[in-house]
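The following paragraphs are intended to be read alongside the sequence and the three-dimensional view. They begin with a pocket and then turn to strand pairing and backbone geometry.

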Amino acid sequence: MSFKMKFLTPLILAPILLFIACNQEVTKQQSVTNLEHKKNCKASEALQKDSIQPFDQIVATTPLQKLPHSETTNFDDFIDPDDYQEIDVNSLQLDKIYPNFYQNNFRAIAQYKVDLNPKKFHSLVVTTIKGTHEMESVLINYNLKGAIIDYKIVAYDEIAEGMSCTQSQISEEHLMVNQIFWGNHKEVKQTQYKILEDGTIDEIAVKHLNEAIDNF
């Protein structure tokens, strides 16, 4: 090896070794971050499992909303800390509606019940924040033992673009859901459902109210 090559070799190797060391450090930091995230998720899940309530107790202590009821829940309803409720995610089986509930940074924040057919099934409306910019309320029908029969989104709000929302009218046998969009022009998609005696929710009609939006 020549005198010139002896001095060039360290100069070539130094950046390579530095690059490898940096990559190893980044990988190490990512591993630590991922581990902490998993620990936080498991801790959150464990906390929820420790606080599971009997389903009958949840139904008995949940506030009742009289029918017919206009469901218009949105971010403006949750300004103060007292506006948020502690919701038992596991007992209400929200992970069946929202897979990976904790991993996706979802948070259930409010609930109330409606008497659609309480002798045959229980009905709760549960509001969940999805991340930081989306919120939706879901009407969930449970059998008397607490298993989910059927569910529909009855309210939605988003604060990222502010171009859509959902509002509904809930009655004993019917559900009317209005999906409202603001784009180049205003639109309302109105879907009507029939709430059957077994707790299932069947779609019966869909209308587009573009021309009547000003009167909506």
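In this predicted model, the second largest pocket is lined by Lys152, Ile153, Tyr156, Ser164, Cys165, Thr166, Val177, Gln179, Phe181, Thr191, Tyr193 and Glu203. The elements that contribute two or more residues to this lining are strand S5 (148-158), strand S6 (164-170), strand S7 (174-182) and strand S8 (186-195). The volume of the pocket is about 200 Å³. By residue class, its lining comprises six nonpolar, four polar and two charged residues.

One of the lining residues, Thr191, belongs to strand S8. Is threonine 191 buried or exposed? Its relative accessibility is 5%, and because buried means under 20%, threonine 191 counts as buried. Leaving aside residues up to four places away in sequence, threonine 191 is in contact with Leu175, Met176, Val177, Glu203, Ala205 and Val206.

S5 pairs with S6 in the antiparallel sense over two bridges. S5 and S6 form a hairpin, with five residues between the strands. In that turn, glycine 162 adopts a positive phi of about 65 degrees.

S5 also pairs with strand S4 (residues 134-142), to which nine bridges join it in an antiparallel arrangement. Within this pairing, glutamate 134 has glutamate 158 in S5 as its bridge partner. S4 and S5 likewise form a hairpin with five residues between them, and here the turn holds glycine 146, whose positive phi is about 100 degrees.

Further backbone features are found in loops. The loop between helix H2 (55-61) and strand S1 (69-71) contains proline 68, and the peptide bond that leads from leucine 67 to proline 68 is cis, with omega near -5 degrees. Glutamine 93 is buried, since its relative accessible area is 13%. Asparagine 100 is also placed in the loop between S1 and S2, and its phi is positive as well, near 60 degrees.

Terms used: Residues are numbered from 1 along each chain as its sequence is written. This is a predicted model: local features need pLDDT of at least 70, side-chain atom pairs count only at pLDDT 80 or more; totals for chains, interfaces and linings use all residues. Side-chain values use heavy atoms; hydrogens and water are left out. On a 1 Å grid over the protein atoms alone, a cavity is a set of points where a 1.4 Å probe fits but cannot get out, and a pocket is an open set with protein on both sides within 12 Å along at least five of seven lines; lining residues have an atom within 4 Å of a point. Grid points are joined across faces, edges and corners, and a volume is the space filled by probe spheres set on the points. Helices (H or I, at least four residues) and strands (E, at least two) are DSSP runs, numbered from the N terminus. Ala, Val, Leu, Ile, Met, Phe, Trp, Tyr, Cys and Pro count as nonpolar, Asp, Glu, Lys and Arg as charged, and the others, Gly among them, as polar. Buried means under 20% relative accessible area, exposed over 50%, partly exposed in between (1.4 Å probe, protein chains only). Contact means heavy atoms within 4.5 Å. Two strands pair if DSSP finds at least two bridges between them.
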